[in-house]
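Hi,

Here's the structure I promised to pass along.

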Amino acid sequence: MKLKHFHYGWLIELIPMPTGYLFNCWMPGEKTGFSDRQIYPTFVQALTVAKRRADLQTVSLSLTNFLNQSYKLCNLSLPEYQALEKSVFNFVKQATRTDMPYTSTLKQANQILCFYKNTTSQIQIARISNIANNFEQVVFPGEQLLFEASPEAELEIHTSDTTSAELANKILCSQLQVL
């Protein structure tokens with residue numbers, strides 16, 4: 001079963017394998033995508049690398065598009081334009097070769113994969129605060145959230161309006177486990 005996550009316009013598919021997770025990143029509605037075809041030991045590691053790759057691809061596409069649209073307006077010569085374009089390409093190429101550091105907290109044996117969906121019409125803040133996890137994420141209406149946590153962790157759901165956030169619910173992560 002592919003797990004799907006949206007990140008700044010990219011659809012990230014995480015594919016469970018016997019020894020970990022692969023990722024594919026796609027722009028919805030387009031036939032282009034990318035993957036490094038590596039297997040990452042945990043869901044969080046695969047998602048972290050996929051988000052980083054999506055960010056790099058976004059920067060590359062944005063800068064290349066900007067150069068294509070404005071190099072004449074910026075009085076750049078063709079060699080200057082080509083040098084900038086090559087520099088962007090080389091930066092992304094080098095950055096994708098850089099290994100992501102793995103923190104030991106992601107390799108703890110007692111982690112479970114959890115799923116939460118914001119079924120309300122309000123923006124929520126999901127937070128784990130009863131253990132040393134440092135997890136907090138904004139969850140928009142209808143958004144689905146996949147994360148790893150220990151079974152005894154509690155996911156706090158805070159509802160948010162323009163002036164404050166209020167604790168709305170506490171859910172034991174063992175109840176959110178993906179089976």
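**Aromatic pairs**

Searching the whole structure, which is a predicted model, turns up three aromatic pairs. One of them is Tyr21 with Phe43: the ring centres sit 5.8 Å apart and the planes make an angle of 80°, so this is an edge-to-face pair. Since Tyr21 belongs to strand E3 and Phe43 to helix H1, the pair ties together parts 22 residues apart in sequence. Buried means under 20% relative accessibility, so Tyr21 counts as buried at 16%, and so does Phe43 at 1%.

Another pair is Phe23 with Tyr40, and that one is stacked, with 6.3 Å from centre to centre and 25° between the planes. Here Phe23 is in strand E3, while Tyr40 is in the loop between strand E4 (33-34) and H1, 17 residues away. Phe23 and Tyr40 are both buried.

**Cores**

The largest nonpolar core has 17 residues, and Leu3, Leu14, Phe23, Cys25 and Phe43 have the most contacts inside it. Strand E2 (10-17), strand E3 (20-26) and helix H1 (43-70) each give two or more residues to this core, with H1 providing the largest share, six residues. A second, separate core holds 16 residues, among them Ile112, Ala126, Val139 and Ala149.

Cys25 is worth a click: beyond its neighbours within four places in sequence, its contacts include Trp10, Ile12, Phe34 and Ala50.

**His158**

This histidine is in strand E9 (residues 154-160). His158 counts as buried because its relative accessibility is 10%, and its side chain makes a polar contact of 3.2 Å with that of Arg127.

Cheers

Note on methods:
Residues numbered from 1 in each chain as written. Predicted model: local features only at pLDDT ≥ 70, side-chain atom pairs only at ≥ 80, totals over all residues. Heavy atoms only, no water. Core = buried A, V, L, I, M, F, W, Y, C linked by side-chain atoms within 4.5 Å. Buried < 20%, exposed > 50% of the residue type's maximum accessible area, 1.4 Å probe, protein only. Helix = DSSP H or I, 4+ residues; strand = E, 2+ residues; numbered from the N terminus. Contact = heavy atoms within 4.5 Å. Polar contact = N/O pair within 3.5 Å; in protein donor to acceptor, adjacent residues only side chain to side chain. Phe/Tyr/Trp six-rings, centres within 6.5 Å; stacked < 30°, edge-to-face > 60°.
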